[in-house]
Amino acid sequence: MSDIIRLSAADLGASIAAGDITSVEATQAHLDRIDAVDGAVHAYLHVAPELALAAAARVDAQRAAGEKLGPLAGVPIAVKDVLVTTDMPSTSGSKILEGYMSPFDATVVKKVREAGLIPIGKTNMDEFAMGSSTEHSAYGPTRNPWALDRIPGGSGGGSAAAVAGYEASIALGSDTGGSIRQPAHVTGTVGVKPTYGAVSRYGAIALASSLDQIGPVSRTVLDSALLQDIIGGHDPHDSTSLRSEWPSMADAVRNASVQGLKVGVIKQLQGDGFQAGVMARFQESLALLEQNGAEIVELEAPSFEHAIAAYYLILPAEASSNLAKFDSVRFGLRVNPTSGGTVEDVMSATRDAGFGPEVKRRIILGTYALSAGYYDAYYGSAQKVRTLVQRDFAAAFSQVDVIASPTAPTTAFKLGEKLNDPLAMYLNDIATIPANLAGIPGITLPAGLADEDGLPVGIQFLAPAHEDARLYNVGGALEQLLVAQWGGHLLEQAPDLLELIKAAAEEGAR
Amino acid sequence: MSGISAEQVAHLAQLARIDLSPEEILSLTTELDQIVDSVAKVTAVATPDVPATSHPIPLQNVFRPDVVGETLTLEQALQNAPAHDGSRFKVSAILGEEQ
Amino acid sequence: MARAQLMDFDKALELFEPVMGFEVHVELNTKTKMFSDAPNVFGAEPNTGLSPLCLGLPGTLPVVNEQAVRYSISLGLALGCSIAESSRFARKNYFYPDTPKNYQISQYDEPIAFEGSVEIELADGTLIDIPIERAHMEEDAGKLTHIGGSSGRIQGADYSLVDYNRAGVPLVEIVTKPIYGGEHRSPEIAKAYVAAIRDIVVSLGISDAKMERGNLRCDANVSLRPRVAEGAQPAPLGTRTETKNVNSLRSVERAVRFEIQRQAAILAKGGSITQETRHWHEDTGETSAGRPKSDADDYRYFPEPDLLPVVPSAELVEELRAALPEQPAVRRRRLKAEWGFTDLEFQDIQNSGLLTEVSETVAAGASPAAARKWWTGEIARLANAADADAASLVSPADVAALAGLVEAGTLTDRLARQVLEGVVAGEGTPQQVVDARGLAVVSDDGALIAAIDEALAAQPDVLEKIRDGKVQAAGAVIGAVMKAMKGQADAARVRELVLERANA
């Protein structure tokens, strides 16, 4: 395996800056890796070798001309297909948008281009980001690089798998209820959901507007910090974008320390339903933090019990409205009923053919939650639960600096295992959803492997709104302690992907 | 059970403009019933004294100055259109009336 | 329903009490759209000058136009409304090809302005307060063109074309409370109310307010309830119909009258009124059934998550209040005094709904008398003949120019009427019509004298009579000269010259 692709984004950026390697070499190394493994992993929906190499050559030329470039200039980045791009199709994992070309770039895409990163391709995802396994992609599932018969998490399974499988140094994701953090948890990578409004949503194909947030996906905490420093900040195109001045997240990682840090542990985010191996690694991480000067505080958050229910009312309601624009009139798929028909018939036929079962399920659920006579009971009540969840967080953060929890109840489950049980699938998000409801930031980083299946387990930290730097601090500190314990990053314990692919091929041939 | 009927699902599908097959309506009726049943508990804690939160981060008065910005060319506007006449989007005849 | 089946209006009023309500949509004349920085212009080539949001493209987000909010607050204040301490946007969800996101961003339970009233003045000078329920901000839809079929109407068309240029234009929707007690003056009240709204938005300068362009559109709700004996419990409100897009003052009056007569005929026969939208047909002066209102009208409103509440500061509201133009009633009194009109003369203008036009014509340089004369005379006559609003035929600037040409002696009244017809026919400004049609008065005395001498020479008997002091005989010569000049001469001047020449 080429050493180039194993470098963290920060180290790769530094090597390019030092002139040890060129961006073209770095980009080519990743393109070669994609050629070698993506047939099996299917992290990408679209790869753009020519565009990427051309962009890399431009960065190399700028470097040669002595221009001062950012720390990640020249580094290949994978872009979740929920983000619109002018030079690559943007489908959000749906057939209804097959081949769609956006006339504008998402703000975050614009920002990473300006920072000299090299968009190398668009990553797979559950259709319109609805799912926790990437099995709901209209273009087929992505596989977990740790075990090809397992899910890579979702909805951003493609971005997580690309980073875990060394098919990109770093990636962009979106997190509506855990779509960055849960895939990171099951692939042994790092993922951050920034404070709502910290990163522009302009150009992100909306799922649930009041929950969606764009964020980094990476192999190290520092890499995510460097990317958030690039994509964060106010965007006049997004009314909900915050105008706050943000401290350097990368500095928070570099100066990380948990001495005197108060870490809350929520009773409702452990215990029943959480796999033993997940809990074991969680407890060990807490102990490690405690040994290094942190104080662990037990807390209650009674309304978290209702968070999933509230989430599965708010999300479908907003989604049912956001997805109404896919109607075959201005863009996207058009299906004409065989019998002809009115524009209403064409819209209905198109939406029936263009949306997958999970999308239809949620649109119908959301339509129900908003419809006359049910609004107060469902959508209205869910918005009230949101208030209660915020109050629980406010009470918690009056006592502690950050909250810790397992990121998800289980390690990566097998493809197909929960596909026909939506309620079981929804439970994957139990620990990640409260942050989206409250708009607060969350980070997940690898905490080890579960004893029972040897698969990665993540630990999640949450901080009050605007306090993203606290997450990079605690995440950076814990990562340093764990890496020292393991003698390297967790991903280094992953089986050789090329071997897995070979074995799977032989298995298939038998 | 929250008692969602197939007729209700068919009506919702019509509101949402999705031409569901009878089989889809049937399976969705069962699923929706279960899902609604499990989420309905939000009503228990949503007492009248609790205000609703529609935005996670409270902001207000976010405005844009009334200044014209960059616009799409006609080609860009039509580039993804399933059908057009060179300047306008083309759709099949419309049955219903405007709202 | 054919006209013959309508109930006589007076008879209808004997049996029923009409109750009205209006929804008036005002397009704001901001530079950009309500939620995007695309230009807000009328008449551009289809689908040009759009932003991605105008097409509802994936990934787009709305951002509120500050000027539109200020205009909306000003309008709310001018309607005597309270301005909400906190107001927010909501999504109104419905699928329609002219609605790019398939939801309209509007306001639902928290409008920017509520609880106001507008004073209107009727023909006889009666003042009536129309109660306003609310005024809220929203965005306009695109424009559909129906192709094929017989009529270019929606029914029977082969396909439709969509232009999204108008999609996202800022609108304020003004909703009245039910208007009771209008009785036989209900149609007149309807027209006066819409005219009053138009006067208000024009004086605020927030809308072009051209009804023929759809800058101002009226939906008229009408219901009837049976009369009861004096002292008895009033009957419950009847089922109402909503006649959509009645887009001229004249039509508002006619549509309300028609609905009263139509509903009365049905009710008197024991029938019932269907709650529905109705279409107004300008050509026949009738309404026809549209979409029935039913449970299917489930718009699934919810707070727009992409936008934040609008919380106008007390300072802003006071700033806008201080900048309001004078109240329409005050304005009417002032103009009447400034123009020196009698009650009758002023009411004449009021009744035609032409106060704004006359005022703008005076502002453009015409004398009040001339402005009044043209608008309530010749222009009103042409409008009547064309079944159109006077304001849609000609601009105040053109009328002022026309009056100026008469004043300067370039045109006689008779010529000016011909010029006006040219302007109405779209031949250009009055000056352009004068030039193109060669209609100016012949003011060259030399040419007139030549014609007079010729006429006198042709009628020597007449010359004798004039010389004998029979001045009235000059008429024949004057007629001949006017004919020779094709009417383009000032008759008074011709008369002067004839007498001069005859006695020379």
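Helices (H or I, at least four residues) and strands (E, at least two) are here DSSP runs, numbered from the N terminus. What follows describes a predicted model, in which local features need pLDDT of at least 70 and side-chain atom pairs count only at pLDDT 80 or more, while totals for chains, interfaces and linings use all residues. Residues are numbered from 1 along each chain as its sequence is written, chains are lettered from A and ligands numbered from 1 in the order in which they are written, and side-chain values use heavy atoms, with hydrogens and water left out.

A:K80 is in strand β2 (residues 76-80) of chain A, whereas A:S155 lies in the loop between β3 (118-123) and α6 (157-164), and A:S179 lies in the loop between β4 (170-174) and α7 (181-187). Is A:S179 buried or exposed? A:S179 counts as buried because its relative accessible area is 7%, where buried means under 20% relative accessible area, exposed over 50% and partly exposed in between, with a 1.4 Å probe and protein chains only. A:K80 is likewise buried, at 0% relative accessibility.

The surroundings of these residues can be described through contacts, a contact meaning heavy atoms within 4.5 Å. Leaving aside neighbours within four places in sequence, A:K80 is in contact with a set of residues that includes A:K122, A:T123, A:S155 and A:S179. A:S179, not counting residues up to four places away in sequence, touches A:K80, A:A129, A:G131, A:G154, A:S155, A:G156 and A:S174. The side chains of A:S179 and A:S155 are also joined by a polar contact of 2.8 Å; a polar contact is a pair of N or O atoms within 3.5 Å, of which, within protein, one must be able to donate a hydrogen and the other to accept it, and residues adjacent in sequence count only if both atoms are side-chain atoms.

The backbone deserves attention too. Most residues other than glycine have a negative phi, and most peptide bonds are trans. A cis peptide bond, however, joins A:G154 and A:S155, with omega about 10°. A:T134, found in the loop between β3 and α6 of chain A, is not a glycine and yet has a positive phi of about 65°, and A:T134 is buried, at 0% relative accessibility. A:H466, in the loop between β11 (456-462) and α17 (468-486), also has a positive phi, near 75°, but A:H466 is partly exposed, with a relative accessible area of 36%.

Finally, one can turn to empty space. Rolling a probe the size of a water molecule over the atoms shows where empty space is left. On a 1 Å grid over the protein atoms alone, a cavity is a set of points where a 1.4 Å probe fits but cannot get out, and a pocket is an open set with protein on both sides within 12 Å along at least five of seven lines, while lining residues have an atom within 4 Å of a point. Grid points are joined across faces, edges and corners, and a volume is the space filled by probe spheres set on the points.

The second largest pocket has a volume of about 750 Å³, and of the 34 residues that line this pocket, the closest to its centre are A:Y202, A:H237, B:E70, C:D37 and C:P52. Helix α5 of chain A gives the most to that lining, with four residues. There are seven cavities of 30 Å³ or more, and the largest cavity has a volume of about 120 Å³. Of the 17 residues that line the largest cavity, those closest to its centre are C:K101, C:E139, C:D140, C:A167 and C:G168.
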